Amino acid sequence: MNPAIKEQLLDAVQRLRKPILLSYYAELDLTTLSLMKSIEDNSPDSESNIYMFDLQNELRISRGAISQIASNLEKKGYLLRETDKNNRRKQIVTLTAEGREAMRQADAEFDKVLTEFFTRLGENDAHEMVRLFNRFADIAEEMNLKKAHSWSVRYVNKLEHVAKEHYPA
């Protein structure tokens with residue numbers, strides 16, 4: 001691969017590390033919003049709850065990261081943890097009314113930002129960007145990078161590390 005292309009990719013990735021799309025609602029980042037959406041239908045009486053360990057695979061982040069996000073949401077009053085009556089080793093996590101409202105507001109704001117982004121990008125470029133992101137994700141999964149989350153800092157850091165290792169500044 002052309003070293004200039006790799007440098008341009010690194011520059012673009014570095015720019016994306018800044019919370020461009022998420023800066024409008026700093027309280028909830030995309031990973032936190034994804035976790036909240038994953039558990040929004042949980043309830044103590046449900047037979048189909050998503051548990052903390054399920055979120056690790058669904059969101060493709062570590063158990064520690066999930067625990068930290070849940071703790072932060074709990075401190076804000078957005079999330080409750082309860083022991084499952086049927087299996088005391090499991091915890092049911094549910095959103096509070098405040099958590100549902102914060103999620104609704106963040107989701108609406110994120111949708112507004114994405115709509116503006118795609119409008120400015122144009123339909124053809126938006127389709128091409130989605131196609132390329134999906135191709136990139138497919139290749140990453142094929143290369144056994146399943147633990148990587150496409151927008152996680154850990155994944156971006158890995159890209160930077162590999163590129164810097166091969167092309168030091």
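This is a predicted model: local features need pLDDT of at least 70, side-chain atom pairs count only at pLDDT 80 or more; totals for chains, interfaces and linings use all residues.
Residues are numbered from 1 along each chain as its sequence is written, and side-chain values use heavy atoms, with hydrogens and water left out.

Me: Why does tyrosine 51 count as buried?
Reply: Buried means under 20% relative accessible area, exposed over 50%, and partly exposed in between (1.4 Å probe, protein chains only). Tyrosine 51 has 11% relative accessibility, so the label is buried.

Me: What makes tyrosine 51 and phenylalanine 53 a stacked pair?
Reply: Rings of Phe, Tyr and Trp (its six-membered ring) pair if their centres lie within 6.5 Å; planes under 30 degrees apart count as stacked, over 60 as edge-to-face and the rest as tilted. These two rings are 6.0 Å apart, centre to centre, with 5 degrees between the planes. Therefore they pair, and the pair is stacked. Phenylalanine 53 is partly exposed, at 47%.

Me: Why is the pair of phenylalanine 117 and phenylalanine 118 called edge-to-face?
Reply: The centres are 5.5 Å apart and the planes make 70 degrees. That angle is over 60, so the term is edge-to-face. Phenylalanine 117 is partly exposed at 31%, and phenylalanine 118 is partly exposed at 27%. The count comes to two aromatic pairs.

Me: How do you know that the charged end of lysine 90 sits over the ring of tyrosine 51?
Reply: The rule asks for NZ of Lys or CZ of Arg within 6 Å of the ring centre and within 35 degrees of the ring normal. The charged end of lysine 90 lies 4.7 Å from the centre of the tyrosine 51 ring, and is listed as sitting over that ring.

Me: What makes helix 2 largely enclosed by the rest of the structure?
Reply: Helices (H or I, at least four residues) and strands (E, at least two) are DSSP runs, numbered from the N terminus. Eight of the 10 residues of helix 2 are buried, so the helix is largely enclosed. Leu35, Met36 and Ile39 are among them. The buried residues pack against helix 3, helix 4, strand 1 (79-83), strand 2 and helix 5.

Me: Which residues have the most contacts inside the largest nonpolar core?
Reply: They are Leu28, Leu35, Met36, Ile39, Leu55, Leu73 and Leu79, in a core of 20 residues. A nonpolar core is a set of buried Ala, Val, Leu, Ile, Met, Phe, Trp, Tyr and Cys residues joined through side-chain atoms within 4.5 Å.

Me: Why is arginine 81 with glutamate 74 called a salt bridge?
Reply: A salt bridge is a side-chain nitrogen of Lys or Arg within 4 Å of a carboxyl oxygen of Asp or Glu. Here the N to O distance is 3.1 Å, so the pair qualifies. Arginine 81 is partly exposed at 24%, as is glutamate 74 at 35%. The count comes to six salt bridges.

Me: How far apart in helix 5 are lysine 112 and glutamate 109?
Reply: They lie three residues apart, about one turn of the helix. An α-helix has 3.6 residues a turn, so residues three or four places apart point the same way. Their salt bridge is 3.5 Å, N to O. Lysine 112 counts as exposed at 52%, whereas glutamate 109 is partly exposed at 22%.

Key:
Contact means heavy atoms within 4.5 Å.
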